[in-house]
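Trainee: Could you walk me through this protein and its ligand?
Mentor: Gladly, let us look at the model together.

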Amino acid sequence: MNQQEQALGRTPKGVPVVAEADVVVIGGGPGGFAAALRARREGCSVIMVEKFDMPGGVHTSGLQGAANTGVGGIHTELMERFEREGCIFTADETNLPDWAGNAISHYDYYLPPGSPFKRVSFNPDGAGNIMVKMLEEAGVHAIYGASFADVEMEQDGAERRITHAIIETVAGRQALRGRVFVEGTGTAEVVARAGAPFVRGGGRQRETVTNDPEKRPIPGGLLWIMSGIDFAETAAYQKRENDPALSKLINKARAAGDIPPELYRPRMEGGRNVYGEHYIGHPTVDMSPIQAPGTFILWQNVPYEWALHMDDDAEHASRAKKELRRLIDAEARFLTKYVPGFQNAFISHVGRYVGVRDGRHPIGEYVFSIDDAREERRFPDAVTRPMTKTFFWDAYTKYTFEVPYRCFLPKEVSNLLLTGASLSFTFETIFMVMRNFPWCTQTGEIAGLAAARSVRRGITPKQLQWNEPLF
Ligand SMILES: Cc1cc2nc3c(=O)[nH]c(=O)nc-3n(C[C@H](O)[C@H](O)[C@H](O)COP(=O)(O)OP(=O)(O)OC[C@H]3O[C@@H](n4cnc5c(N)ncnc54)[C@H](O)[C@@H]3O)c2cc1C
């Protein structure tokens, strides 16, 4: 045991305590990163634990480098810093003609062919390096390469409070003591370990969902990057052979046994997935420009039918990793062998992890539901000013809504704050609305400020009154 461990002692269950802070943030995705930065800038001591080697979560370690317009606060600061430090790449109709309206474009397929477009992305690893620096500059004690595993708790009136986060490190299990904890895992892992209530992914009810909706979360995906693509040649082929969705090549490869049956289903064949949408849920050729000319990010989604719960079933998590690697390999082989423009292309990067789109949804002091959006309810504890957004799962309807502070407060635990994809929102209201990068950063920042206010006042986040929007 080193000197610091001796000084900090052990937890009631005997785990050596290696550090303590006012605020302990678990997970460094957009939510956890912004919470850690804001709490530190408010003067708190902050520890942030991240299992990979950089913050940013799905957007860096998971390669999802879409750069959205700044929405204020730390999110805008991030976008400006990525730009200043040379991490931004912009594709448009001048350097990527034939992209708008192209059937294999993940984001821009719906545009009129040949129309102007602007697709801004950041280099995930470059961006991650910047995020590491920003935490260092602020004085956050960031612990990388350590996995949160458990909590120790004590009774706190009618509720319980977390006293320690237990992490798995190269030196074995260690404990971090904190006053306020922040849930930044993206899958509400802290909520689950603390025994607080949540709805499992796939637990929503939707009439349009066929076959056992309870068991089917929206599939997660593994993102990967291919370089060396001559897209002008691909586009010339699509036009010349009148093969916009590469169907002729797909059929040829399928007939030759070069495509596993799990690849290339509804969207590429003009069909719709089980939710009546073209967007996600089946493997497909689905790309977007990133990093530099000739380099594209590709999506490899878990097939819907597999109904994998990668956030809470170890066998599912392992199967997803293994199978998605296999499908990426098959996709890359198909592209390089059959598709003009890809003959010199190669896999340059595979994401560090399979992203979960529909993990646990914690039940907080308030659960924001689609009715709150439909009725445009106002809340005395709103942390945001009214925002107007399209609710993808409610027939693409636009509603103006605000977020109550109570959605950050999980039931039964007095000193934990939720952020990002783990807010207390129902599936329809988190998916494609609050779980997107800008709003995960925003809710992270709100949680960081709430943590700091609680620490300063010597109260728990549950006791904190919130009566003025931050954004
Ligand atoms: C495949 C996919 C594609 C997406 N595409 C888009 C898109 O195009 N645009 C968009 O805006 N949003 C997109 N999203 C949604 C968005 O990326 C997420 O909702 C958002 O990143 C959630 O932020 P978060 O901070 O809550 O969690 P995450 O980004 O998931 O970050 C969680 C962090 O916690 C760490 N962590 C998890 N468990 C532990 C543990 N036990 N110990 C230590 N660290 C841990 C992880 O390593 C990770 O860094 C996509 C999501 C997925 C999965």
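**Domains and ligand**

Mentor: To begin, 15 residues of domain 1 are in contact with 20 residues of domain 2, where contact means heavy atoms within 4.5 Å. This is a predicted model, in which local features need pLDDT of at least 70 and side-chain atom pairs count only at pLDDT 80 or more, while totals for chains, interfaces and linings use all residues. Residues are numbered from 1 along each chain as its sequence is written, and side-chain values use heavy atoms, with hydrogens and water left out.

Trainee: Which residues make up the two domains?
Mentor: Domain 1 covers 3-79 + 127-200 + 360-463, and domain 2 covers 88-121 + 211-350, with bounds that come from an automatic or database domain assignment.

Trainee: And what separates their centres?
Mentor: The centres of domain 1 and domain 2, taken over C-alpha atoms, are separated by 31 Å.

Trainee: Which atoms of His 59 and Ala 421 are involved with the ligand?
Mentor: For His 59, a polar side-chain atom lies 2.8 Å from an oxygen atom of the ligand, whereas for Ala 421 a backbone N or O atom lies 2.9 Å from an oxygen atom of the ligand.

How values were computed: A polar contact is a pair of N or O atoms within 3.5 Å; within protein, one must be able to donate a hydrogen and the other to accept it, and residues adjacent in sequence count only if both atoms are side-chain atoms.
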